[in-house]
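Visitor: Hi, I'm new to this one. Can you put it on screen and walk me through it?

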Amino acid sequence: MRILKTVCLAAVLSVSFSIAHAGPREDAEYIVSQTVTKSLFEAALQAQRPLIIPAMQQGLANKGIVFSDIEGFADIFMEEFIDEFTELMQRDTVALQLEMFSPDELRDIAAFYQTPSGQALIQNTGPLMQAGAQMGQVAGMEAGQNANGRIAKRLEEEGINLQNDSGFTQRLIDALRGM
């Protein structure tokens, strides 16, 4: 057991020492190279696809462009979009990290991402994001439905009138209670 602890400590120290000589910019660039990646953005776009495609479809329909295969167009758009988006986000994220973190914090964060635990976090960020988006959709629907009664009660109790037409507010209250 003691040997295992010694080996682990040596590994952590060697990782920390290997980046200790890097400057803040190099640390920020390393962090970004690990955390602001094309694969992460692809996972985010995939998780948000059910929201992106209807918005894209609506925006194009407003310009008189209606697709029989919006999914195919979305695939082409994403393929053309993702590389430049990733490059721009990496550039801007390096600058942001240099503003937000001290040199010591950048060094510590970079050291963490070089550990097995840091790499495990990086590897699982995409799947965690996708699962979180799905959980967020379900939780959002539930919380939205549960809020309806509270909103109706507030509109009544506080006498909130959202339109010049007082009948509108009552119709809204009735609709919220019926949901």
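Visitor: Let's jump in. Which are the buried residues of α6?

Guide: They are Gly118, Ile122, Gly126, Ala133, Ala147, Asn148, Ala152 and Leu155. Keep in mind that this is a predicted model.

Visitor: What covers the buried residues of α6?

Guide: The cover includes α2 (24-35), α3, α5 (103-113) and α7 (166-178).

Visitor: Why does Asn148 count as buried?

Guide: Its relative accessibility is 10%. Asn148 counts as buried because that value is under the 20% cut-off.

Visitor: And what does Asn148 touch?

Guide: Leaving aside residues up to four places away in sequence, Asn148 touches Leu176 and Met179.

Visitor: Back to the helix itself. Where is the kink in α6?

Guide: At Thr125, shortly before the proline Pro127. The kink is about 45 degrees.

Visitor: What follows α6?

Guide: Gly159 follows α6. Its phi is positive, near 60 degrees.

Visitor: New topic: rings. How many aromatic pairs are there?

Guide: The count comes to five aromatic pairs. One of them joins Phe41 and Phe85. That pair is edge-to-face, with 4.8 Å centre to centre and 75 degrees between the planes.

Visitor: Why does the pair of Phe41 and Phe85 tie together parts that are apart in sequence?

Guide: Phe41 lies in helix α3 (residues 38-61) and Phe85 in helix α4 (residues 70-100), so the pair links parts that are 44 residues apart in sequence.

Visitor: Is Phe41 buried or exposed?

Guide: Phe41 counts as buried, at 13% relative accessibility. Phe85 is partly exposed, with a relative accessible area of 28%.

Visitor: Which residues do ring pairs link into a cluster?

Guide: Phe41, Phe77, Phe81 and Phe85.

Visitor: Now zoom out. How many helices and strands does the protein chain have?

Guide: Seven helices and zero strands. From the N terminus on, the elements run α-α-α-α-α-α-α.

Visitor: How much of the protein chain do buried residues make up?

Guide: They make up 24% of its 179 residues.

Visitor: Last one. What share of contacts join residues at least 24 apart?

Guide: It is 67%, among contacts between residues at least 6 apart in sequence.

Definitions and conventions. Residues numbered from 1 in each chain as written. Predicted model: local features only at pLDDT ≥ 70, side-chain atom pairs only at ≥ 80, totals over all residues. Heavy atoms only, no water. Phe/Tyr/Trp six-rings, centres within 6.5 Å; stacked < 30°, edge-to-face > 60°. Helix = DSSP H or I, 4+ residues; strand = E, 2+ residues; numbered from the N terminus. Buried < 20%, exposed > 50% of the residue type's maximum accessible area, 1.4 Å probe, protein only. Contact = heavy atoms within 4.5 Å. Bend = angle between axes of the 7 residues up to and from the residue.
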